Amino acid sequence: MSYLPPSTRSARIPADAWTLPFSTADPKIQVSRPGILDTIKLLPLARRVGSYVYREHRAGRTPIFDLNGITLDPPVPRSNAGVPIGGIGGGAIGRGIRGEFRRWSLTPGRYRHSIVQTNNFSVKIGDKSTVLSSEKLSDVPAPLRSWTWGSSPEVDLSSRSTYHALFPRSWTVYSDPTNNDTGVEIIAKQVSPFIPDNYSDSSLPCCVFEFSIINNSGKDQEVSIMQTWENNDGGDEKDEAEHRRNDFSSSSRRHSSLFEAVDDGQNNKKNETKSAGGGFFSGSKGPRDVNAATTALVDGVGISMRHTRRRKIAYEKGPDERMSIPTNDPLCSCPGACSPLKLASTYEEKVNFSLAVPKSTDAVDVTTCVGFDPSDAYKCEQLWASFSSEGCLEKKSSDVPGSVKSTNGLQANAVCQKTTVKAGCTSTLVFALAWDSPLAMFGSGEGLPRRHSVFFPPPSSPSAASTNAPALALIALTKYKAWEKAIEDWQNPVLTSSEYPGWFKNQLFNELYYLTDGGCVWVDSSKAVKNDRGNGEVRGVGGVGGVAATMDRGEDMEAGIRPVAFAAMKKMEELNAEAQGAQGDLSKIGEFLYLEGHEYIMYNTSDVHFYASFALAKLFPQLQLSVLRDYAHSVFMEDAEERKLLGEGERALRKVNGALVHDLGSPSEAPILKVNAYNFQDVSRWKDLPSKFVLMIVREVSDETKDMSSFLSAVWPAMQSCMDRAAKLWDVEGSGMIKNEGFPDQTYDVWIADGVSAYTGGLWVAALFGMSKIAARMGDMEKSLLYSDKAKKAKTIWNDILWNGKYYNYSEKGRYNSGSIMADQLCGQWWTRVCDLPSVCDDDEKARKSLKSIYDANVMQWKEISGGVLNGAVNGMKTDGTVDGSCLQSMEVWTGTTYGLASEFLHEANMVEDSDNDGGSAAATKKMLREAGFETARGIREAGWDRFGYSFATPEAWDGTGAYRSLGYMRPLCIWSMLLEK
C-alpha cells in the first residue's frame, strides 16, 4: 500500500497516448464497392473470383481473399478496436476500446471476429458489483444476463470510463466503476512483451493486466476483481461444426485444472536445483545462476486449460506439382527436389491457456472456480451470486490443485482476488493470461515449432498436459515490470521529442499493432514436424532436448511449472544473445511470417513488405534480415503448377526460376516451400519486385562499420539473378531502362502503366545505383561500374521522358492516365534518400516541385473533394482538379503509401542545405516540406482512426466516402519510415 498523490493518473498514463472515451459512438464500418457501371465491367472478374473462392472453401482451404457469400463480402467487424495482446508470432487476441476480447488469430491464417462475452473482468466495491464491460445486454448470451453488466442503467459504465492506448500498452480508467459513490477509481493497465531488439521475450504469447485501485475516499474499501475466461480459441458455431465432422474420437476436447506454482522450500526447490546441471537444457551454468533466477520467480496460482480442435488436411503436396529447388541453387544445401510427404487426413490444432495471479497473502485473498459451463444459466448465476455477495468464489470439489475437469462442451474458469484498500491509498492486483500453441499448423497438416516453444523442453507424450502455458503466465508475472521499463526506455526519446506532433507520437507506436496482430508466425523451420500418423496426432513439439515439460498427472504437472519456467527464462537469455549477431541466419533467428492483411491471406507479400519493412528494420533488424534471406532463397525456386489467373483469366506458371516471389505462400498450403499463393496477375512479370528486393538489402547494410559479410554472401547471387532477368526481359532496347507492358504489372495491380513509368522506372534507377554500391562492397568493381553506367543511362531516360515541368507523368503511354499526378511517383527518389544513393531526379528542385504538385492536388484538392477534411493522399489526380477515375485503385487513398509520401517530404527536407546568405529561403523550404509531410500523414490518423473507426485495423485503402478495402493491413507500418535517423 502507498499514499497516492493527486497527479498519479497523469504520471501513470503517457500524455501522448491515444485517448477515446467509452461514450464515443462506434462508426459503422463500410466496405468499398464499385459503382454500377464499374460493377458491370467487373462481372467477368467477379465470376472468376467467386468460382475460385467457392472451390477453396469446398476443399476446406481458406482462399487468399477472405470473401464469403454470393456477394463476396469480407468480414465486417465492429469499429474502434484497441491494443491487441501477445508478443510476436505466437498468436494474438485483439481487444476493443471497451475491453472486449474480439479478434482471434491463434491459429495460422484464421481470423475469428467474435466477442466472447464470458471473457471479462468484473469488480466488486462495497456492496455493488459489475462486469467491466459496457456491452448491450441484448448482445450478451442469455446464461450470462444474470450478471450485472456495465451497460445497465444503474451502472452506466460508459459515462465514466476512458481508454488510452500506446502500443504495446493500454490503460482504461474507470471512475467509480460500480456507480455507488465509493470514491474508488481503477486504472486497468495492459502490458504485452513487445521489446525491440529482444528476440526471446518478444515472442512470448502472454499479457499482464495490472489493476491500480485508487481509494480517494476517507474510509477503507473492500475491493474484489474477478477474471473469467472461456476455454475457447474464438471459434463460432461454424468452427464447432467443422470439428464435429472431422473428429471421430471420444476424447474430451477441453480440460481445465487448478495449479499452484510456489516455492515451498522442498519439492519445487529440489526440482529447480536438480535442473541446474543441464537436466533441462544443456549449457546451464550451474546452481548459482539457477538459484538467483528461481528466487526472482513469482509464486503463482492459476488455472491451466487445454483446447483441441480437429481439422481436415486441405492441401497435400504431390509429385505431380513438380515443386523443386534446383541443385544449382547456391543458397540451398538440399540435394535435388524436396520429397513429397504422405500425410494423415486430419490434424489437430491445440491451444493451451492459463490464467495466473500471485498466490494469496495476508493482504490479498485468491479464490478460483474451475470448469463451469458458461452456457448453463444456473451455474453462471451461482458464480455471480458468490462473487457479488462475498467478493470471492465458492470452493468446489474441482478447485483442488492437480484435479482435472474435462468436457466436450463449453467450459470456462474464473480467478478472483480480494483486498482492502485503505483510505487515501492505492493497491495493485495483477492478472496474467498466457496461451500456448507450440506448433504453427498449416493446411498441409505439417507443423513448425513457434519461436517461444524452443525455450521449453518437449512433451513427454502427445496426450500429456503441457506446463508451457502456466509457465508462460508465471514468467509474465515475474518479468512484466522489466518489460515495462524496456518499453519506456525505447519510447521515451520519441515521446519527449519536440520534433514530432503529439498525434504522430501515438500513431507511430500504435500502428505497430500489426507486428503482433498481423497473423504473425515466428517459427523454427529447421524442426518441421510431420503429421504422419493415421490418427492425425503430431509428433514432437519443437523445443530443445531435456527433461519433459509435461506430466501425465496433474500434481506432477504442477510440480514441474516452476522449474520449467526457470529453465525457459535461462534459455531465453542464451538465445537472445545468440540472435544479436545472427545476420538473419535462419538457424539462429528462425523465420518470420506475417499476412498481407487480415483479409489477404498471403505471407510476406514482397511488394507490400517493401513499405512495411521499415518497422522490422528499425525494431527487429534480425527478423528483417531473415525475411530477406527467405526472399533470396525464393529467387531460385521453381513451381511448374499452371494456374488460371483471376485478373484476366489467362494461364501462367506459379513460380519461375530467377523471379522474386510475390509472397511466401498461404497458411492453407505449405508456406515457405509452396510460394506465390497470389493468383490475380502473373507476378513473374511484375516490374517492381526485383528493385524492391535490392533496395531493402541496400538499406539494411548501409552501416558499413557492421560486418554483414555472411548476409551479403547469402543474398548477392539472388540480387544479381532477379535484376539481370528483369533487364533481359524488359529492357529489350538495351537502353538501361525497363518498361511496363500495358497491364497492371506492379503493386498497383489494377492500375495500368505502359512504357517508362514514374513508379516502376524510378524504383529501377534507384535499384541499379544500389546494385553498384553492393557490388563495390563485395569487391567486384567491374560489376559496380557496369551497374552504375546502367543507372545513369536509365536516370536520363526517366527524367527526359516523364518530367513535364511540374511533376513526373504517371507513364510514358496510356489512353486515359499517362499525365496523371501519382501520389507515389517519387517512390524511387524516396528510397535513394533512405539508402544514401545518387538521386533519381536529375535536379533536387524537380523533386521539390513534384512534391508541391502532389501536395496541392492529391492532398489538398482531395481534402476539398472529401468535404474539407484531411483524408490522406488519393493515388491519382488529374490536372483539372478531379480524381483519376481510370480504375478503382487510382481513386483510392492507400494508407501505407500516404505514410511513404509523408516520409519523402521529410527526407527531402533533410536534404535542404541551410544557408545564412539566402534570405531564409532554405529554412522556409525545409519548414514547408516538414509541415506538408506531417499534414499528409495526419490525414490517415484523423480520417482512419478518428472519423472512420479503423483504429488498430488500419486498412489498405479507402474511397472518398471512407469505405474500406482490406481492413487490417501490412503497409501502414510504413509510418516508421517517417522516424528519420539522426
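**Briefing on a predicted model**

Asp836 is found in the loop between α19 (827-835) and α20 (844-865). The model is predicted. Asp836 has a phi of about 55°, positive although the residue is not a glycine. With a relative accessible area of 65%, Asp836 is exposed, since the term applies to values over 50%. The points below cover backbone geometry, helices, aromatic rings and cavities.

**Backbone geometry**

- Most residues other than glycine have a negative phi, and most peptide bonds are trans.
- Asp197 also has a positive phi, near 60°, and is a residue other than glycine.
- Asp197 belongs to the loop between β10 and β11, and its relative accessible area of 35% makes it partly exposed.
- The peptide bond that runs from Phe167 to Pro168 is cis, and its omega is near 10°.
- Pro168 sits in the loop between β8 (161-166) and β9.

- Helix α13 covers residues 606-619, which makes 14 residues.
- From first C-alpha to last, α13 reaches 19 Å, close to the 20 Å expected at 1.5 Å a residue.
- A kink of about 55° in α13 is centred on Ala612.
- Of the 14 residues of α13, 13 are buried, so the helix is largely enclosed by the rest of the structure.
- Helix α16 (residues 709-730) has 22 residues, and the 31 Å between its end C-alpha atoms agrees with the 32 Å it should span at 1.5 Å a residue.
- α16 has a kink of about 35° at Val715, shortly before the proline Pro717.

**Aromatic rings**

- The whole structure holds 53 aromatic pairs.
- One of these pairs is Trp147 with Trp149: the ring centres are 6.3 Å apart and the planes are at 15°, so the pair is stacked.
- Trp147 is buried at 3% relative accessibility, and Trp149 is buried at 1%.
- Phe194 and Trp490 form a tilted pair, because their planes are at 35°; their ring centres are 5.9 Å apart.
- This pair links distant parts of the chain, 296 residues apart: Phe194 is in the loop between β10 (184-191) and β11 (206-215), and Trp490 is in helix α8 (residues 468-495).
- Phe194 and Trp490 are both buried.
- One aromatic cluster is formed by Phe101, Trp104, Phe121, Phe209, Phe211, Trp229, Phe353 and Phe431.

**Charges over rings**

- Arg699 lies over the face of Phe614, 4.5 Å from the ring centre.
- The charged end of Arg947 is placed over the ring of Phe948, at 5.4 Å from its centre.

**Cavities**

- There are nine cavities of 30 Å³ or more.
- The largest cavity holds about 180 Å³ of space.
- The largest cavity is lined by 18 residues, and those closest to its centre are Arg95, Gly99, Thr172, Tyr174 and Ala188.
- At least two residues of this lining come from each of β6 (120-125), β9 (169-175), β10 and β11.

**Arg98**

- Arg98 is in the loop between β3 (92-95) and β4 (101-105).
- Its relative accessible area is 9%, so Arg98 is buried.
- Arg98 and Pro21 are 77 residues apart along the chain, and their C-alpha atoms are separated by 8.9 Å.

Terms used:
Residues are numbered from 1 along each chain as its sequence is written. This is a predicted model: local features need pLDDT of at least 70, side-chain atom pairs count only at pLDDT 80 or more; totals for chains, interfaces and linings use all residues. Side-chain values use heavy atoms; hydrogens and water are left out. Helices (H or I, at least four residues) and strands (E, at least two) are DSSP runs, numbered from the N terminus. The expected span of a helix is 1.5 Å times one less than its number of residues. The bend at a residue is the angle between axes fitted to the seven residues ending there and the seven starting there. Buried means under 20% relative accessible area, exposed over 50%, partly exposed in between (1.4 Å probe, protein chains only). Rings of Phe, Tyr and Trp (its six-membered ring) pair if their centres lie within 6.5 Å; planes under 30 degrees apart count as stacked, over 60 as edge-to-face and the rest as tilted. A charge sits over a ring if NZ of Lys or CZ of Arg is within 6 Å of the ring centre and within 35 degrees of the ring normal. On a 1 Å grid over the protein atoms alone, a cavity is a set of points where a 1.4 Å probe fits but cannot get out, and a pocket is an open set with protein on both sides within 12 Å along at least five of seven lines; lining residues have an atom within 4 Å of a point. Grid points are joined across faces, edges and corners, and a volume is the space filled by probe spheres set on the points.
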